[in-house]
Amino acid sequence: MTLLEEKIWKILERPQTAALATISASGAPWVRYVTIRAESDFTLNFCTARSTRKARQVASHPDVHLTCGELRPPDGSVFLQVAGRAEIRSDKETKARCWQEEWRRYFQGPEDPEYIMVFIHPSRIELNGPGSSIPEVWEI
């Protein structure tokens with residue numbers, strides 16, 4: 001792992017809230033918060049309901065952007081800007097592997113047909129840290 005990848009992983013190694021931007025049916029951006037988890041290859045994922053606006057938007061326009069990290073203004077913020085392509089998965093194996101018990105407040109269980117997973121495959125990650133207005137860039 002490169003030094004930049006280590007810095008990125010330090011932010012992504014635990015679940016966190018991220019602002020996810022998608023494209024609406026009218027072509028306008030739409031942003032909402034999601035809780036993301038990262039896999040070892042930097043693929044990000046979150047759960048949602050099949051009937052949500054974000055699921056429809058991802059299905060129509062899979063190019064997405066998200067922002068996450070530690071915001072400590074004015075000088076201590078370290079955050080990521082992630083551009084990538086989203087993929088919806090609803091197969092039994094993926095849903096079972098990703099399932100978190102705390103999601104029972106939203107879904108009946110991993111077999112619930114409304115429960116789906118969204119995976120974001122990053123193409124570019126920008127690490128923005130204190131002391132510089134120029135981000136460090138990781139591209140696939």
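Predicted model: local features only at pLDDT ≥ 70, side-chain atom pairs only at ≥ 80, totals over all residues.
## The largest pocket

The largest pocket holds about 260 Å³ of space. Its lining is made up of 13 residues. Nearest the centre of the pocket lie Val34, Thr35, Cys47, Trp103 and Tyr106.

Two strands each supply at least two residues of this lining: S2, which covers 29–38, and S3, which covers 44–49. Strand S3 gives the most, with four residues.

## Cysteines without a bond

A disulfide is a covalent bond between the sulfur atoms of two cysteines. The count of disulfides in this model is zero. The cut-off behind that count is a sulfur pair within 2.5 Å.

Take Cys47 first. Its closest cysteine sulfur belongs to Cys98, and the distance is 9.3 Å, too far for a bond. Cys47 has a relative accessible area of 17%, so the residue counts as buried, the limit being under 20%. Cys47 is also one of the residues nearest the centre of the largest pocket.

Now take Cys68. The closest cysteine sulfur to that of Cys68 is in Cys47, 17 Å away, and this too is too far for a bond. Cys68 is buried, at 4% relative accessibility.

## Asn45 in strand S3

Asn45 is part of strand S3. Its relative accessibility is 7%, so Asn45 counts as buried. The side chain of Asn45 makes a polar contact of 3.4 Å with the side chain of Glu39.

What else does Asn45 touch, not counting residues up to four places away in sequence? The list is Thr35, Ile36, Arg37, Glu39, Met117, Val118 and Phe119.

## The loop between S2 and S3

Phe42 sits in the loop between S2 and S3. Most residues other than glycine have a negative phi. Phe42 is not a glycine, yet its phi is positive, at about 75°. Phe42 is buried, with 5% relative accessibility.

Thr43 is found in the loop between S2 and S3 as well. Is Thr43 buried or exposed? Thr43 is buried, at a relative accessible area of 5%. A 2.9 Å polar contact links the side chain of Thr43 to the side chain of Asp41. Beyond its neighbours within four places in sequence, Thr43 is in contact with Arg37, Ala38, Phe119, Ile120, His121 and Pro122. Arg37 and Phe119 are on the list for Asn45 too.

## Ala55 in helix H2

Ala55 belongs to helix H2, residues 53–60. Ala55 is buried, with a relative accessibility of 4%. Its contacts, leaving aside neighbours within four places in sequence, are Thr48, Ala49, Arg50, Ile88 and Ile116.

Thr43 is 12 residues away from Ala55 in sequence, and 18 Å separates the two in space. Ala86 is 31 residues away from Ala55 along the chain, and 9.9 Å separates their C-alpha atoms.

## The loop between S1 and S2

Ser24 lies in the loop between strand S1, which covers 16–23, and S2. Ser24 counts as buried, at 11% relative accessibility. A polar contact of 3.0 Å runs from the side chain of Ser24 to the side chain of Ser26. Leaving aside its neighbours within four places in sequence, Ser24 is in contact with Gln57 and His61. The C-alpha atoms of Ser24 and Ser60 are separated by 8.6 Å, although the two residues are 36 residues apart along the chain.

Ala25 lies in the loop between S1 and S2 as well. How exposed is it? Ala25 has a relative accessible area of 88%, so it counts as exposed, the limit being over 50%. Ala25 and Arg56 are 31 residues apart in sequence, with 8.9 Å between their C-alpha atoms.

Key
Residues numbered from 1 in each chain as written. Heavy atoms only, no water. 1 Å grid on protein atoms, 1.4 Å probe; cavity = no way out; pocket = protein on both sides within 12 Å on 5 of 7 lines; lining within 4 Å. Points joined across faces, edges and corners; volume = space filled by probe spheres on them. Buried < 20%, exposed > 50% of the residue type's maximum accessible area, 1.4 Å probe, protein only. Polar contact = N/O pair within 3.5 Å; in protein donor to acceptor, adjacent residues only side chain to side chain. Contact = heavy atoms within 4.5 Å.
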